[in-house]
Structure formats: structure tokens, C-alpha cells
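Subject: Structure for your review

Dear colleague,

Please find below the sequence and structure that I am handing over to you. I would be grateful if you could look through them alongside the notes that come after.

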Amino acid sequence: MSSRPRVSQNVKSLDKNHIIPPSPTREFRGAWIATVANIDWPSKPGLPTAQQKTELIAMLDRAVQLKLNAVILQVRTGCDAFYSSPYEPWSEYLTGKMGKAPEPNYDPLAFAVEEAHKRGLELHAWFNPFRAHHPQAKSAISPNHISKTHPELVKRYGKYLWLDPGEKAVQEYSLKVILDVVNRYDIDGVHIDDYFYPYPERDKQHRTIDFPDEPSWQAYLRSGGQNSRSDWRRENINTFVQHLYEDIKIAKPWVKVGISPFGVWQPGYPKQLANKEDARGFNAYEQLYADSRKWLENGWLDYLSPQLYWKIEQVQQSYPVLLNWWLEQNTKGRNIWPGMFTSRVANNSSTAWPAKEILSQIQITRGYSGAGGNVHYSMKPLMQNRGGISDLLTKDVYATPALVPASPWLDNTLPGKPSLDIQKDATGKRIQLNWKPTGEQKVWLWVMQTKKADKWTTNILPVKQTSYVLNDTQIESATVSAVTRYGTQGTSAIVEVKND
């Protein structure tokens, strides 16, 4: 999605050499960090603050080691908070008791954003917009939880508590919670996954329980509503998604909006796959009321990460067939970064995958025009190097760094060309590049590239790093360019490294 950087000609000696640095690889390489039920982080509830920080830093360091460029951190699992919220209680998965602050007190999201940005990683905040309480929660519900403060908005559904998306007050509340984070934290993205209306729960006779939204449904009918109940529920979710996108763009247009829906829009799409419910008897369009294709077609998101959690060879839900179908729906040219079931690798189950399945899926993604990366579910197998997955990623598909693909529909303004100079010590063996930003566009990352013989090497550096020591005396030239938060790369500043 990037254009080749234009080359500065301000150094006369370079005119004859036609030095043109290659465009860096563009690929989203993300991983979900799930906090619900302590799937990824923290390893258990109630850990001391220092240990929580140590665990999170280890994950960010592993992301850098793997040459990932983004993490997606779950900050709201069920109307709770992994940050200091004026509206919702601290999560019990953080402190062991809902409503209890960390000890000593700190703000995990502020800490995560700062540490991610130090490492040149994007930090996307992941929210569950309507789940109000998870059955794996063990502590008492705190007095400031919405089920206590506004019980009329919360429905008991099977083992869960759920906000009713049919209530306007619910939509406004969840939007307020998310926009509070957008406004107060320097996040790079807002992310919601596949939980809209809840996955179906069953009663003791194994019959599907209908979602208990009779009051909001009757109010809709009294207002003159003409939709069927299913269409009305879908429209409730559509309205929320549209307003979420529009409100975030008003607040901070560079904050990307990402959605990770169930990987099949509706059974029978595409036609060559199963034309009825998949192996789990599931239809996200009719059961979660998620019209994910509509959100993509209307451009109510900046990236879509459909959960393509099936093997390449699985006939009923083949990874490449589904990916191709989603790309065909992408009429507005948004980013498509499918989610992969990395947690299935060597997980000691009868359905475990070999690590090479994930590598093959990454290679397949690269083979499709319009697909620009992947998201790993989740961080745990990458931390554990399960089945050798982390070793294989660094050795093979993630051997070199990559920039997150740009979002030119948001802003395509080029950042200024950096001012670049070179310093050598008395021996001439220690060579240091120094640069500064120019222009008004805010810089998010630097691309520093060096040329030795006919080979270019690319480094992607965090914005606060404005110098680099060249340890190889055989380097002939070096370039530095700026990248904005929209992913737009500017003109390269170039210096010749003369080794007298």
C-alpha cells in the first residue's frame, strides 16, 4: 500500500549514484493479549504491580523479538477496566477483586501504551462492548458495576450478564466508555471482537435460550418499527458500529478502528463452502446479529480481522477460500488482516496443529492482493514457543521488520524529510547518524536503511530514537525517512558514508 519514497538530491555526490532505498515491507503483525479469565495476562489475578509489569514487558519484548509491530490488549472484558476508569470498576482479573485498585496503584493501560511506544509497537485497546459479566469471574460484583447502578440495562443470559444492545442508553454508555479511553490515552487503535449479541446459551433441556430483550423490542414496535426481530437486532449492532467509527474519527482521526468478527459472514458465503451452519452449528449473522460484511462495505472500520480459525485443508471452512471471499467484499479498500488460531499449535489436544500451519497461512495471506498481514490469537503460544512457533517465525516469515500498512483514506500527507548528518570519531571507525524531524506532520516511526554493496538493510525505529551507530565500516550510504501515525512514509534523507 506504500508508494516508493522519493529520494532527496541535496547531496551532489549522490546524483551519479542514483541511490534509491527500497520501500520497506508493509505487513500488519499483531497479537491479541487476552485478559479475560487471565488467558494471557496477568498470569493470575492479584499479582503485585511489579510482577504484572514484568510479565507485560516480557510480552512486549517478545513481540519486538518476533518483529511484530502491534499488540491488541484487552482492556474491558465485561463492563470492567484494566485502566483507571471514571465509569467502571477495576477488573478482578487484574487485582483478584472487582473494584479493587492495583497495589501499589498504577494504570496498566497507560503503562502498556508507554512501553509499547518505546519499542515502536502499536497498542490497540480491545473492548467487549456489550458483555457485562463473565461466568469465570469469581469475586463479588462491585457497587459501581453497571448491573448495580443501572440494572434495567443488564440482562441475565444463561451464565452471563449482558447489556441489551436494543436500549439506546446501552449504546450511549458503551460509546462513552470507549471514547473516554480514546480521549485520555495515546492508543493507536480501538478493537472489538466477535461478541455482539451473545453466543447462544442452552437450558437444561439443551434448548437454545432466546436473548431476553422483550422490553426494548416492544418499545421499538410501539415506536412504529417495521423490521423483523432479527433485522432489528442486526440494526442495533450496525448503529453501534457506525457511531463508534464516526465518534472516534471526530475525536482522534488517526486512531484505527478494527473489528474481528467470526470468520464466516453467513453460511453459504462463499458458495463453495458449507451452505448451512458450520461444524459447530453456528451462524453469526443470525445468532450474533453481526452483519460484518455491511461494516466493511460501508467503511465503518479501518481494518477487518475475520477470525479464520481453520486449517488450509479444512474443506468446510478453508482459510484461503474464506480470505479470498472477504477480499472480494472489500470495495472501499480497507485493510484486511485475518486472525489466525496460533493457540491451536501444539496445544496437547487431539485437534492440535503443527507450527508450520501458521507459517503457511501467513504465506497464503501474502499471496493475496489486498491482504496486508495477520493477527495471532494469542500471545501465550508465542511466549511459550509452543511447537517451536516463535523460532520458526523469526527464522522464516518474520526474518526482517515490517511497517504497518498505511491508512490513506484517513490521511495521506507526507511527513517532512528529516535533517540528517553523520559524525565520525578520530579513528573513523565509529560512525553515528543523527537526525531531526522537520515539517508539521507528527512523526510516529523512523525508517533507517543502510546500503552495503548491492544489499539494503532496513531498521524501523521508535520516534524517540534520533541517532544510530553504524558498526559496519563497509556501509556505503544511509537513509532516514519519517512515518506518520497514518502509516504514510515521507521522503528519505540520504548521506554517503565515506570510509577513507
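The notes below cover a helix pair, a pocket and a sheet. Please bear in mind that this is a predicted model.

Helix pair. Helix α1, residues 49-65, and helix α3, residues 108-118, have axes that come within 10 Å and cross at roughly 35°. The crossing of α1 past α3 is right-handed.

Pocket. The second largest pocket has a volume of about 280 Å³. Its lining consists of 15 residues, and those nearest the centre are Val64, Leu68, Arg119, Pro401 and Ile460. Nine of the lining residues are nonpolar, four are polar and two are charged. Strand β16, residues 455-462, contributes the most to this lining, with four residues.

Sheet. Strand β16 also belongs to an open sheet of four strands, ordered β16-β15-β18-β19 with antiparallel pairing. Its edges are β16 and β19 (493-496), each of which pairs on one side only. On average, neighbouring strands of this sheet are turned by 20° against each other, direction ignored. Strand β18, residues 477-484, pairs with β19 in the antiparallel sense over four bridges. In this region, Ser477 stands opposite Glu496 of β19.

With kind regards

Terms used. Residues are numbered from 1 along each chain as its sequence is written. This is a predicted model: local features need pLDDT of at least 70, side-chain atom pairs count only at pLDDT 80 or more; totals for chains, interfaces and linings use all residues. Side-chain values use heavy atoms; hydrogens and water are left out. Axes are lines fitted to C-alpha atoms, for helices over the stretch in contact, and angles run from 0 to 180 degrees between N-to-C directions. Helices (H or I, at least four residues) and strands (E, at least two) are DSSP runs, numbered from the N terminus. A crossing is left-handed if the near helix is turned anticlockwise from the far one by less than a right angle, and right-handed if clockwise. On a 1 Å grid over the protein atoms alone, a cavity is a set of points where a 1.4 Å probe fits but cannot get out, and a pocket is an open set with protein on both sides within 12 Å along at least five of seven lines; lining residues have an atom within 4 Å of a point. Grid points are joined across faces, edges and corners, and a volume is the space filled by probe spheres set on the points. Ala, Val, Leu, Ile, Met, Phe, Trp, Tyr, Cys and Pro count as nonpolar, Asp, Glu, Lys and Arg as charged, and the others, Gly among them, as polar. Two strands pair if DSSP finds at least two bridges between them.
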